[in-house]
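Look over the sequence and the fold together. A short report follows the display.

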Amino acid sequence: MKRLLLVGGVGCGKTTLLQRLEGRDISYAKTGEMYASGGVIDTPGEYLELPWFKHALRLASFEVELVVLVASATVPEGRFQPGFTTFFMPPCIGVVTKIDIATPEQVQLAGNHLRLAGATEILAVSALTGVGIAKLTARLA
Ligand SMILES: Nc1nc2c(ncn2[C@@H]2O[C@H](COP(=O)(O)OP(=O)(O)OP(=O)(O)O)[C@@H](O)[C@H]2O)c(=O)[nH]1
Ligand SMILES: [Mg+2]
């Protein structure tokens, strides 16, 4: 798997997605600080949501090959500013999570927010059921 930086709002599903990508058991654990697992850097949602943490995301992005913007399909408002990806040097893709509990319209809306943020491609997954994970894994290989 490529070296990744996972970025997204609080509770959008970054850590659960990482557990799924690594084939580990799914268990909820609030992320309290930025940490690396294998080649993947997982970040607390607060790093995106609280302005004074944002520089830490940019610094971390220098360590990775790909930034993954993660958005929950259940959150109707965008968590990323338009053009947010200009903040990063590596390419940025978008992943819509929690599609198992969302309508197709919600999935579409979350994907639109990610596109507006600058994600060049969007994949939709459920980290809980595994839907879409094979395609994402192939993209990240
Ligand atoms: N139904 C459903 N729930 C999910 C999915 N992914 C995550 N969740 C749930 O969403 C909640 C938050 O998931 P986390 O993976 O901890 O979210 P996070 O983005 O790492 O959150 P922070 O660490 O706070 O930034 C947990 O209760 C997960 O079980 C999914 O694909 N489907
Ligand atoms: Mg987390």
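The text below goes from the overall fold to one residue. The model is predicted.

**Fold.** The protein holds five helices and six strands. Read from the N terminus, the order of elements is β-α-β-β-α-α-β-β-α-β-α.

**Dimensions.** The radius of gyration is 13 Å; a compact globule of 141 residues would have one near 14 Å, so the protein agrees with that expectation. Its C-alpha trace spans about 35 × 30 × 25 Å along the principal axes.

The table lists values for the whole protein.

| Property | Value |
|---|---|
| Residues that count as buried | 45% of 141 residues |
| Positive side chains | 13 side chains |
| Negative side chains | 12 side chains |
| Distance between the centres of the two charge sets | 4 Å |

**Thr-15.** Where does Thr-15 sit? Its place is in helix α1, which covers residues 14-21. Is Thr-15 buried or exposed? Thr-15 has a relative accessibility of 14%, and the cut-off for buried is under 20%, so Thr-15 counts as buried. Which residues does Thr-15 contact, leaving aside neighbours within four places in sequence? They are Ala-29, Thr-31, Tyr-35 and Asp-42.

Conventions
Residues are numbered from 1 along each chain as its sequence is written. Chains are lettered from A and ligands numbered from 1 in the order in which they are written. This is a predicted model: local features need pLDDT of at least 70, side-chain atom pairs count only at pLDDT 80 or more; totals for chains, interfaces and linings use all residues. Side-chain values use heavy atoms; hydrogens and water are left out. Helices (H or I, at least four residues) and strands (E, at least two) are DSSP runs, numbered from the N terminus. The radius of gyration is taken over C-alpha atoms; the globule rule is 2.2 Å times the number of residues to the power 0.38. Buried means under 20% relative accessible area, exposed over 50%, partly exposed in between (1.4 Å probe, protein chains only). Lys and Arg count as positive and Asp and Glu as negative; His and the chain ends are not counted. The place of a charge is taken as NZ of Lys, CZ of Arg, CG of Asp or CD of Glu. Contact means heavy atoms within 4.5 Å.
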